[in-house]
Amino acid sequence: MLDLLYSKTEAGRAEIRARTLPLSRTARNLLLVLDASKPGSEWVRLVAGATEADFETLRQHGLIAAQNAAGQPIAAPPPVAAPAPAVTAPAPQADAAPAAAGHSPLLDRAALYTYLSGAATKLLGPFKGYAFALEVERADSLAALQGLALQLVERVQKAKGEDAAQAVRDALGLR
């Protein structure tokens, strides 16, 4: 089970914002950093003090879900306890939040969240990527995620050059 890729569910993202479940510090840290870039066993190894029991707690509460390499859920296990309801602002229309460069990503909120949280550490490195992933977790609307997407392009351009930035633009659907 730990050899599968896992990502946060909507309930997991809501738990990060609301902190309603009695999770241990290591389980909460694991929830914060976990994305589908590595198998579950690798995340347990990377998070200081995390155990398979912490991972299982997240899975049982429905805060994380297994997915295949294409990013599609494999099977959604029923949560043991009812997770906190997600409190999100209604997503504004893409044209309601014009970007600084006059472009906004064409991805929907879920796809944008998945890309930003998964690509941050790959593109920015472990420390800057982790800090960026925390910003993504705090984003509460499509407009906020779109702004972060444009910031990611700028940061990648500074760190890795125009070719890498163009690859990110292409992945985000920016022209």
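Before listing neighbours, I note that contact here means heavy atoms within 4.5 Å, and that I am reading a predicted model.

Entry one, a single residue. I looked up Glu15 and found it in helix α1, which covers residues 10–18. Leaving aside residues up to four places away in sequence, I noted that Glu15 touches Thr20, Leu21, Leu23, Arg28, Leu31 and Leu63. For Leu21 I also recorded that its backbone nitrogen is reached by the side chain of Glu15 at 3.1 Å. Is Glu15 buried or exposed? I put it down as buried, because its relative accessibility is 1% and the cut-off for buried is under 20%.

Entry two, the chain. I counted eight helices and two strands in the protein chain, and from the N terminus on I wrote their order as β-α-α-α-α-β-α-α-α-α. The protein chain has 175 residues, of which 43% are buried. Of the contacts between residues at least 6 apart in sequence, 63% join residues at least 24 apart.

I found one cavity of 30 Å³ or more, and the largest cavity holds about 30 Å³ of space. Its lining includes Arg13, Arg17, Arg109 and Glu137, and by class I recorded four nonpolar, no polar and four charged residues there. Helices α1, α5 (109–124) and α6 (126–138) each supply at least two residues of this lining.

How values were computed: Residues numbered from 1 in each chain as written. Predicted model: local features only at pLDDT ≥ 70, side-chain atom pairs only at ≥ 80, totals over all residues. Heavy atoms only, no water. Helix = DSSP H or I, 4+ residues; strand = E, 2+ residues; numbered from the N terminus. Buried < 20%, exposed > 50% of the residue type's maximum accessible area, 1.4 Å probe, protein only. Polar contact = N/O pair within 3.5 Å; in protein donor to acceptor, adjacent residues only side chain to side chain. 1 Å grid on protein atoms, 1.4 Å probe; cavity = no way out; pocket = protein on both sides within 12 Å on 5 of 7 lines; lining within 4 Å. Points joined across faces, edges and corners; volume = space filled by probe spheres on them. Nonpolar A, V, L, I, M, F, W, Y, C, P; charged D, E, K, R; others polar.
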